[in-house]
Amino acid sequence: MAQEHDLISNLPQDILQRINSFLPLKEAVRTSLLSTQWRSLWSPTMVDHFAAGDCPIAAIDAVKDSLEAVGALLGSYESPEMRKLCFQFPEGDVTVLATKGVDKELHLNFFHSKTEDKCYYQKKMELGNTTPPINITNLSTLRTLHLRSVAGVTEDFASSLLTNCQLLQSLKIEKCEGLKRIGIEKNESLRSLVIVDCKDIENVTVSATELRSFVYKGLLTQIHMKNALNLVDVVLDLEGAFGNSDFDCEEVLCLLSSLKEVETLTISGWLLEWLCSAGVICGRLEFQLHKLKQLSWIDSLMDNAKRDSLACFLNICPFLEKLFITIDPSRRRVTCPYFHQHWHEPHLWMDFPTVKSNVWLLKHLTLVKFFGFTVNGEDGLLSSLVDLLLEKTIVLKSMTVKSHENVSWGIMKVPDKRPTQKWWNYRRWTAISSPRNFCFELMDDR
């Protein structure tokens, strides 16, 4: 058979670049897997920038030079491009892998030569307060920015970069150890903000009137959302708190009250448990999440305290339509501390019938899904949750359970003349009793 030729890969490089220019950046980068010719389009160009001296002026010049280098990279968006930029800051050398896309998209991945030296972080934090504004024209048109591994040595660079990106619509900050503060003030263009695994973050302050999506994954820190009038989607995927003494009910409640316009919320179950353990009674709060339509509860396990705190939290979600409850054993387990002072009187000592009686009707809830529940092992908690939701809902259309073994179950409310309620697993021929005057059939969904 005649040998087949890859006619496209054998095209001239300028033609291949032109083809790449019609692709989103993520898809364009994937073309490097097609052949050696395509891979050569993504060989980074090495550019060195140096800033001598160990003084504030030298550091400011280093930040300015690095911003100008990135600005020069963004001089044209005609084709995707990757460059390796090497900067010499007074506190250490930094290599930046910069990748730009045709849709005014920029990804910056930082590599630090002195990451083991922690002493320079505080110095750069103090210097950041005196760094004068630096204006780089090409940065002002940037729409999408992804910062990865920004540490203290480049914190001024990141701060100045955000100041210059006045039309930025999407920002992702990932794995930035040593970065302690993120401040976005009076922004009218940002639509999406994602902060992931920044272990040293102590404060996040965002004032963005057009922000629609906010995702935070990491340790609980001070998060202040200002003027979030258009925020509709929020993820608070929290791995724990910096320390038990740092947990402040008022701060967390202030954050929740700023989410009153949110329609979709994902929240860690331990945070609700800590609030309620400290004495917060959601039904007595001065605010409600009156626009919330979808709530996703996530945690490593379900126990009585987490169940009761979820039931309490539902009282500030009067228009909830969809509820997702997920148990993921691979997640970090967060132990609730003992709180000596209570925001309100403690109430998690109540038995479950009392807790259930304090839950208001969920008049709009139509869909409930449980993920990661083992029916045979956690039947008591699962049955009590199902019992609660079936009693408090009016227009519920679907309730399903998916076990750790990926077996799906459907729960149906059916008439019953028997004295006890039973859930039947018809595939395994097992039953779980529950003290109700009606029963549910728990059926294999396959």
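Which side chain meets that of E273 in a salt bridge? The partner is K306, at 2.9 Å from N to O, and the legends below return to this pair. The model is predicted, so local features need pLDDT of at least 70 and side-chain atom pairs count only at pLDDT 80 or more, while totals for chains, interfaces and linings use all residues. Residues are numbered from 1 along each chain as its sequence is written, and side-chain values use heavy atoms, with hydrogens and water left out.

**Figure 1. Overview of the predicted protein.** The secondary structure comes to eleven helices and 21 strands; helices (H or I, at least four residues) and strands (E, at least two) are DSSP runs, numbered from the N terminus. Of the 446 residues, 51% are buried, where buried means under 20% relative accessible area, exposed over 50%, and partly exposed in between (1.4 Å probe, protein chains only). The accessible surface is about 21,600 Å², and carbon and sulfur atoms hold 51% of that area. Areas come from the Shrake-Rupley method with a 1.4 Å probe, and for residues only the protein chains shown count as cover. Among contacts (heavy atoms within 4.5 Å) with a separation of 6 or more, 63% are between residues 24 or more positions apart.

Figure 2. A salt bridge is a side-chain nitrogen of Lys or Arg within 4 Å of a carboxyl oxygen of Asp or Glu, and a search of the whole structure finds nine. E273 and K306 form one of them, at 2.9 Å. This pair links distant parts of the chain, with E273 in helix α8 and K306 in helix α9, 33 residues apart. Both E273 and K306 are buried, K306 at 4% relative accessibility. K306 also meets the side chain of D303, at 3.9 Å from N to O, and D303 is partly exposed, with a relative accessible area of 23%. D308 counts as buried at 5% relative accessibility, as does R307 at 8%.

Figure 3. Nine of the nine residues of α8 are buried, so the helix is largely enclosed by the rest of the structure. Among these buried residues are W270, W274 and C276. The cover over α8 includes the strands β10, β12, β13 and β14 (294–299) and the helices α7 and α9. G279, which follows α8, has a positive phi, near 105°.

Figure 4. In α7 (residues 249–257), the buried residues are C249, V252, L253, L255 and L256. They cover an arc of only 155° around the axis, which puts them on the same side of α7; the arc is that of the directions from the helix axis to the C-beta atoms. An α-helix has 3.6 residues a turn, so residues three or four places apart point the same way. Elements that cover the buried residues of α7 include β10 (213–220), β11 (222–226), β12 (233–241), β13 (264–268), α8 (269–277) and α9 (304–313).

Figure 5. H146 lies in β5 (residues 144–148) and counts as buried at 15% relative accessibility. Its side chain makes a polar contact of 3.1 Å with the side chain of H107 and another of 2.9 Å with that of E174. A polar contact is a pair of N or O atoms within 3.5 Å; within protein, one must be able to donate a hydrogen and the other to accept it, and residues adjacent in sequence count only if both atoms are side-chain atoms. Not counting residues up to four places away in sequence, H146 touches L106, H107, L108, K172 and E174.

Figure 6. F324 belongs to β15 (residues 322–327) and is buried, with a relative accessible area of 15%. The C-alpha atoms of F324 and Q294 are 7.9 Å apart, and the two residues are 30 residues apart along the chain. Leaving aside neighbours within four places in sequence, F324 is in contact with Q294, L295, S296, W297, L367, K369 and F371.
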